[in-house]
Amino acid sequence: EYLQFLPFWLQLLQTISILINKNFQYFGLQISRSLGSCDKDKKKKMSRKFCVGGNWKMNGDQKSIAELCKVLTAGPLDPNAEVYVGVPAPYLIYVRSLLPSSINVAAQNCYKVEKGAFTGEISPAIIKDTGASWVILGHSERRQIFKESDELIAEKVEHALAAGLKVVACIGETLEERESDKTQEVVARQMCAIAQKVKDWTNVVIAYEPVWAIGTGKTATPEQAQEVHAYLRQWLTENISKEVSATLRIQYGGSVTGANAKDLAKKPDIDGFLVGGASLKPEFVQIVNARQ
């Protein structure tokens, strides 16, 4: 009596076995794709060399700068990190003479032409003549205090690159703009102006610095910083190219300290830091070594 149902049960078991096998194959494929995607993201991040800059701003004298250079020289600094220090213009030659070649020296600003009647300005040519090889442009203090426009900053970036300097191009929103949900709109506008003047992104580093977090003690959480960095990668993919999006380094700046650097450095789209006040202290070494 029970044997008459045997073919049915055998067929049912076979069907279940096929379905289970297919599901395992499907989920295995999805897991493999997911892991593959993670591997690709990890490889992209690893291909972007960690980059940490110190912006000394209008601080220091020969004595304090000599002491700071001793600290940086002693380190030890992560050999897998690219390091630069943004120095007040009168001290560029002095700092270059004190630091090892492994630490790059940057000017904090420059003008958009080679030479001329521009009292108080310095050109990329002058910067290079001091032995420095980097320049920081578009910092929020230049935008907010000295009223530099997106267009002027883009022109400076263009000329500095043409002169052979490496450029750290700064972008970021004010507190009012963030609270009005305009962060993406603002950084996209700033990036668009720069992108119109840049053909080769090899010697460009972008520094995302929320203005409300600079020198205030407030720091964007790692999640807030990562959100904007991820948006910038998306913007680069859609407006420049996937290759530039994958290789361009985007630093975070805004009250970075030895205490919060490690958590920020773990985020997939944060490739380093532009550090203000903490770059004048021994803890800058900790920040450079945040990936170790």
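Start with the largest pocket, which holds about 520 Å³ of space. To find its middle, select Met 58, Gln 108, Asn 109, Arg 142 and Phe 146: of the 20 lining residues, these are the closest to the pocket's centre. Colour the lining by class and you'll get eleven nonpolar, five polar and four charged residues. Keep in mind as you click around that this is a predicted model.

Now for the backbone. Here's some background for the next stops: most peptide bonds are trans, and most residues other than glycine have a negative phi.

Select Gly 75 and Pro 76. What kind of peptide bond joins them? It's a cis one, with omega at about -5°.

Next, jump to Lys 147, in the loop between helix 5 (140-144) and helix 6 (150-162). Its phi is positive, near 60°, and this residue isn't a glycine.

Last stop: Ser 255. Look for it in the loop between strand 7 (249-252) and helix 11 (261-265). Ser 255 also isn't a glycine, and it has a positive phi, near 55°. As for the surface, the relative accessible area of Ser 255 is 19%. The cut-off for buried is under 20%, so Ser 255 is buried.

Technical notes. Residues numbered from 1 in each chain as written. Predicted model: local features only at pLDDT ≥ 70, side-chain atom pairs only at ≥ 80, totals over all residues. Heavy atoms only, no water. 1 Å grid on protein atoms, 1.4 Å probe; cavity = no way out; pocket = protein on both sides within 12 Å on 5 of 7 lines; lining within 4 Å. Points joined across faces, edges and corners; volume = space filled by probe spheres on them. Nonpolar A, V, L, I, M, F, W, Y, C, P; charged D, E, K, R; others polar. Helix = DSSP H or I, 4+ residues; strand = E, 2+ residues; numbered from the N terminus. Buried < 20%, exposed > 50% of the residue type's maximum accessible area, 1.4 Å probe, protein only.
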